[in-house]
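The structure itself goes in below.

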Amino acid sequence: MRVAVHGKDFNRASAPFIAQIFEVLSRYKIDLCVSEKFSAYLGKAGIKTKFKTYSSAKDLKNVQIFLSIGGDGTLLESVTHISRLEIPILGINTGRLGFLATISKEETEKSLQHLFDGAYTLDQRALLKLDTEKDIFGPLNFALNDFTVVKKDSSAMITIHTYIDGEFLNSYWADGIIISTPTGSTGYSLSCGGPLIFPRSGNFVITPVSPHNLTVRPIVVSDQSEITFQVEGRSKRFLVSLDSRMAPVDPSVKLKVTKADFKVNLIQLEGTHYFKTLRQKLNWGLDIRN
């Protein structure tokens, strides 16, 4: 089995846990492949497990499992490494909340054992795709969480004219707008008042960011929709983002969001479920009475 690993820089306190992960991996007969960026951090931490390195998605074509070590941001970055290959991915959480990277430090060794025993299923997650006349994000024009349009300046609002399948929906006078997948509904959209969306619901949610008109609320639409935007404002520049990747654009750029034609396969180990993650991360049901 060939396994790829990616992570981000870690502090001295996390180094023993990272070393433990690689010690566990060394027990299994796997061909280990680590991202070039993460391998540099491993060298500084003195981790001596033997591995190869990869630099692009073309180096991952024979990989069966992908491990993301970090938080949700690291897993989103890992998705850009995998791109269209749909390699099953497991997130080991060294951060805090972790809706995507759900494996805690205490569960890691047992979880890796279940993983290599094949005791898991795949939770397929939809992505969205951004099409523009200008090649803003290159081949990485997709997002697992969300697409956003936000103002660049700290003062003036922007107006985002939004259309669904060519039909005018609304002109949002706001600081910005979020188009979220069900996966991203627990992220930026949630903090702006958006609803939680079950991963297999087949929807996008459109959530305004600090709208001028308080009667404007989030709306859930089919992920088969084609969502287009025209943006205007006093400022001639604004920002668009796909997950954590951001770029400045001007009002002349036409933006179109649709569902991507490939998926992300999140590894779901036995005993884990999306609902369980919600209860744990959002503290549902916790009360001094029970």
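The entries that follow cover ring pairs, pockets and a cavity.

**Entry: ground rules.** I am working with a predicted model, in which local features need pLDDT of at least 70 and side-chain atom pairs count only at pLDDT 80 or more, whereas totals for chains, interfaces and linings use all residues. I number residues from 1 along each chain as its sequence is written, and side-chain values use heavy atoms, with hydrogens and water left out.

**Entry: aromatic rings.** I searched the whole structure for aromatic pairs and noted 11; rings of Phe, Tyr and Trp (its six-membered ring) pair if their centres lie within 6.5 Å, with planes under 30 degrees apart counted as stacked, over 60 as edge-to-face and the rest as tilted. One I looked up is F198 with Y274, an edge-to-face pair at 5.8 Å centre to centre and 75° between the planes. It joins distant parts of the chain, 76 residues apart, since F198 lies in the loop between α5 (188-191) and β12 (203-209) and Y274 in helix α6 (residues 274-282). Helices (H or I, at least four residues) and strands (E, at least two) are DSSP runs here, numbered from the N terminus.

Are the two partners buried or exposed? F198 counts as partly exposed because its relative accessibility is 28%, while Y274 is buried at 12% relative accessible area. My cut-offs are under 20% for buried, over 50% for exposed and in between for partly exposed (1.4 Å probe, protein chains only).

I also noted that ring pairs link F10, F22, F38 and F51 into a cluster. The charged end of R245 sits over the ring of F142, 5.8 Å from its centre, under a rule that asks for NZ of Lys or CZ of Arg within 6 Å of the ring centre and within 35 degrees of the ring normal.

**Entry: largest pocket.** I used a 1 Å grid over the protein atoms alone, where a pocket is an open set with protein on both sides within 12 Å along at least five of seven lines, a cavity is a set of points where a 1.4 Å probe fits but cannot get out, and lining residues have an atom within 4 Å of a point. Grid points are joined across faces, edges and corners, and a volume is the space filled by probe spheres set on the points.

The largest pocket holds about 420 Å³ and is lined by 29 residues, with D72, F99, L100, T102 and R125 nearest its centre. The most lining residues, four, come from β17. Because domain 1 (2-119 + 270-282) and domain 2 (128-260) both give residues to the lining, this pocket lies between them; the bounds come from an automatic or database domain assignment.

**Entry: second largest pocket.** I noted a volume of about 310 Å³ for this one. It has 17 lining residues, of which T102, I103, E107, T272 and K276 are the closest to its centre. Here α6 gives the most, with four residues.

**Entry: cavity.** How many cavities of 30 Å³ or more does the search of the whole structure find? I noted one. The largest cavity has a volume of about 30 Å³, and its lining is V79, I82, S83, E86, I87, K263, V264 and N265. β17 gives the most to this lining, with three residues.
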